[in-house]
Amino acid sequence: MTKPELKVKSIENGTVIDHIPANKALQVLKILGLPEEGTNVTLAMNVPSKLGYKDIVKFENRELGHTEIDKIALIAPDSTINIIRDFEIVSKNQVSLVKELNGIVKCTNPKCISNTDEPIESKFYLVEVDPITVRCHYCERLVQADEIYNQFE
Ligand SMILES: [Zn+2]
């Protein structure tokens, strides 16, 4: 007997983020500021998949911006983002880690120029993928996955 694929009620307009690593869906929701009043969110965690287990997040009437997608890539680098319009998937894209992160991660060095009162957008370069490590453009401070995830909470 084969295990049935998880069926989630189809949505008219919205976004499905699939292939999130197991137990990371809540962090993804935090990045998106969900749940929020008026947005229908469906969450599935620890769903069996070809490569073990995964999480799936689905929400109505909202599509994602570039900053949100870049943040999600740091937590769920293999996830796919499906855009639904009129019950049809109109686009399906795997997120990708960008080599340069602008205004997404905050530098952990309190003396860094990006942390002064002057409005300088933070800028980081991806130096390591597993675990994620980024380097500050201004002070060269290395910031690691856990510190980045804390910022998203
Ligand atoms: Zn810095």
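**A close look at one site**

Tutor: Let's start at Cys-112, which is found in the loop between β6 (100–102) and β7 (123–129). Keep in mind as we go that this is a predicted model. Cys-112 has a relative accessibility of 1%, and since anything under 20% is called buried, Cys-112 counts as buried. So what does Cys-112 touch, once you leave aside its neighbours within four places in sequence? Its contacts are Cys-107, Cys-136, Tyr-138 and Cys-139.

Three of those names come back in the record. The unreviewed UniProt entry has a "binding site" annotation, and it covers Cys-107, Cys-112, Cys-136 and Cys-139. These four span 33 residues in sequence, but no two of their C-alpha atoms are more than 8.9 Å apart, so they gather at one spot.

What are they gathered around? The model has a zinc ion, and its protein donors are the SG atoms of Cys-107, Cys-112, Cys-136 and Cys-139. Those atoms lie 2.2 to 2.4 Å from the zinc ion. If you like sequence patterns, the spacing of the donors along the chain reads C-x4-C-x23-C-x2-C. Now picture the angles: the four donor atoms subtend 102 to 115 degrees around the zinc ion.

How many does the structure hold? The count is zero.

Cys-107 has 4% relative accessibility, so Cys-107 is buried. Cys-136 is buried too, with a relative accessible area of 1%. Cys-139 is partly exposed, at 25%. You'll find Cys-139 in the loop between β8 (132–136) and β9 (142–144). Not counting residues up to four places away in sequence, Cys-139 touches Cys-107, Asn-109 and Cys-112. That takes us back to Cys-112, where we began: the contact with Cys-139 shows up in the list for Cys-112 as well.

Which strands pair with β3? Strand β1 (residues 14–21) is joined to β3 by six bridges, running antiparallel, and Pro-21 stands opposite Lys-54 in β3. Strand β2 (residues 41–49) also pairs with β3 in the antiparallel sense, over seven bridges. There, Thr-42 stands opposite Lys-58 in β3. Between β2 and β3, the chain makes a hairpin through two residues.

Definitions and conventions
Residues numbered from 1 in each chain as written. Predicted model: local features only at pLDDT ≥ 70, side-chain atom pairs only at ≥ 80, totals over all residues. Heavy atoms only, no water. UniProt positions renumbered as here; feature names shortened; annotations may be inferred. Helix = DSSP H or I, 4+ residues; strand = E, 2+ residues; numbered from the N terminus. Buried < 20%, exposed > 50% of the residue type's maximum accessible area, 1.4 Å probe, protein only. Contact = heavy atoms within 4.5 Å. Pairing = 2+ DSSP bridges. Disulfide = S-S within 2.5 Å. Donors = N, O, S within 2.8 Å, 3.2 Å for Na, K, Ca; no water. Tetrahedral: all angles 85-135°; square planar, octahedral: opposite > 155°, others 65-115°.
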